[in-house]
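Here is a report on one protein chain. Keep the sequence and the 3D view open side by side while you read.

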Amino acid sequence: MSHSRLTLALETGAAVLPDDGLIAVIGPDAGADLSALPRDRVQIIQGFRPDHDAWAGRGYQVVTDLGDDYAAAVVFVPRAKAQARLWLARALAATKGGLVIVDGQKTDGIDSLFKDCRKRAACSPALSKSHGKLFSLTGDAADLADWAAPDHQAPEGFETQPGVFSADAVDRGSALLAQALPAKIKGRVADLGAGWGYLSAQVLDRAAITELHLIEADHAALDCARRNVTDPRTQFHWADVTKFKPGVKFDVILCNPPFHTSRAADPALGVAFLAAGARMLTPGGEMWIVANRHLPYERSLATLFRDVAEMGGDTGFKIIRAAHPLGVSRPRR
Ligand SMILES: C[S@@+](CC[C@H](N)C(=O)[O-])C[C@H]1O[C@@H](n2cnc3c(N)ncnc32)[C@H](O)[C@@H]1O
């Protein structure tokens, strides 16, 4: 088996861990190779529920946020630049100056992150392998102080964090869906993949809504949603939508489904959201969905719902209403 960058760096001495103390491992997805790390000294920081649960299931200690005292840290670089910088700054502070090992893919901007780090702190040479780089970093937390407090602009009236979906601007698809939703929405409502709460915030003017459940896997996004949507009818669930089982079924579901798993495009995830929606609805319930026009959801929807109709959209997005779930458990893709 080919070695991961982390294993290679630790086995060759390109990176050397301290002999004892807790090691923060920030942001590894479920497929990351942590086999070269001493498992009993590792604390994984992972706020995305499916990955969080996968690591916990393998016996790792997993938390959703970084603490403030570690002997070393390993940062798996996320896609969003501001989030990557924030994690590095926080890791350097939490390790009191390092060692911080940084591992990332070219497609996630590791080359420019390495360049930027070298201007500010002491960096090892980079180990390049498998379309990515690994380097380690030591220095004063003050070296990255501006990265710790990013100049981040959330959409007006809302709070977001770097790295959460549509952190800087309301998603165009979600805005179109919000405009298309009928005034008569009522009863128990759920927002699947609720993010920082944009869609939920748009429907709470409907007095006939008795409960609104925000279900979201990204812990940081749900934290923002708790601050953005403060109506007493709301309930928040940090959960994997595809596994979530509500106590009572919903009358209406709103959804802008994700179509990426970690980094790769994965329309099957969107389809799993549609199937989860069908499973969570009352027999007379309806699901309102927005999707990129190129995503082929119609065939799956036809196996899941009796009535499926396009209700508008624009050249890039389609709005779909799917009503009367058929109780079919296996959607065709
Ligand atoms: C396209 S975004 C929509 C976010 C929000 N509803 C909006 O309109 O801005 C999809 C959301 O689904 C979340 N997500 C991805 N996979 C998930 C899963 N398995 N379970 C729950 N939420 C998930 C993502 O974190 C993201 O916030």
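H131 sits in the loop between β7 and β8. Strand names follow DSSP: strands are E runs of at least two residues, helices are H or I runs of at least four, and both are numbered from the N terminus. This is a predicted model, in which local features need pLDDT of at least 70, side-chain atom pairs count only at pLDDT 80 or more, and totals for chains, interfaces and linings use all residues. Residues are numbered from 1 along each chain as its sequence is written.

Is H131 buried or exposed? H131 is exposed, because 9 other C-beta atoms lie within 10 Å. The cut-offs are these: buried takes 20 or more other C-beta atoms within 10 Å of a residue's own, exposed takes 12 or fewer, and partly exposed lies in between, with C-beta atoms placed from the backbone. Leaving out residues up to four places away in sequence, H131 touches Q105 and K106. A contact here means that the two C-beta atoms, placed from the backbone, lie within 7 Å. T107 is 24 residues from H131 in sequence, and the C-alpha to C-alpha distance is 8.1 Å.

The hairpin itself is made by β7 and β8, with 2 residues between them. In the turn, S130 has a positive phi of about 50°. Strand β7 covers residues 127–129 and pairs with β8 in the antiparallel sense over 3 bridges. Two strands count as paired if DSSP finds at least two bridges between them. S128 stands opposite K133 of β8.

## Strand β8 and its other partners

Strand β8 spans residues 132–138 and is mostly covered, with 5 of its 7 residues buried. Strand β5 runs antiparallel to β8, and 6 bridges join them. V102 faces F135 of β8 in this pairing. Strand β6 (residues 122–123) also pairs with β8 in the antiparallel sense, over 2 bridges. There, C123 has L137 of β8 as its bridge partner.

## Strand β4

How many residues of β4 are buried? In this strand, residues 72–76, the count is 5 of 5. In a regular strand the side chains alternate between the two faces of the sheet. Both faces of β4 are covered: A72, V74 and F76 are buried on one side, A73 and V75 on the other.

Strand β4 has parallel partners. Strand β1 (residues 23–26) pairs with β4 in the parallel sense over 4 bridges, and I26 stands opposite V75. Strand β5 (residues 100–105) also runs parallel to β4, joined by 4 bridges. A73 is opposite V100 of β5.

## Two domains

The domain assignment gives domain 1 as 5–148 and domain 2 as 172–325. Such bounds come from an automatic or database assignment. Taken over C-alpha atoms, the domain centres are 34 Å apart. The contact draws 7 residues from domain 1 and 9 residues from domain 2. On the domain 1 side, the residues divide into 2 nonpolar, 2 polar and 3 charged. Nonpolar covers Ala, Val, Leu, Ile, Met, Phe, Trp, Tyr, Cys and Pro; charged covers Asp, Glu, Lys and Arg; the others, Gly among them, are polar.

## Around the ligand

Which residues are closest to the ligand? They are S174, G193, G195, A217 and P258, within a shell of 19 residues. By class, the shell holds 9 nonpolar, 6 polar and 4 charged residues.

Helix α8 (residues 219–228) is largely enclosed by the rest of the structure, because 7 of its 10 residues are buried. These are A220, A221, L222, D223, C224, A225 and N228. Their cover includes α7 (198–203), β10 (209–216) and β11.

K249 lies in the loop between β11 (234–238) and β12 (250–255). K249 counts as partly exposed because it has 15 C-beta neighbours inside 10 Å. Not counting residues up to four places away in sequence, K249 touches M280, L281, T282 and G285. A278 is 29 residues from K249 in sequence and 10.0 Å away in space, C-alpha to C-alpha.

Key:
A residue is near a molecule or strand if its C-beta atom, placed from the backbone, lies within 6 Å of it.
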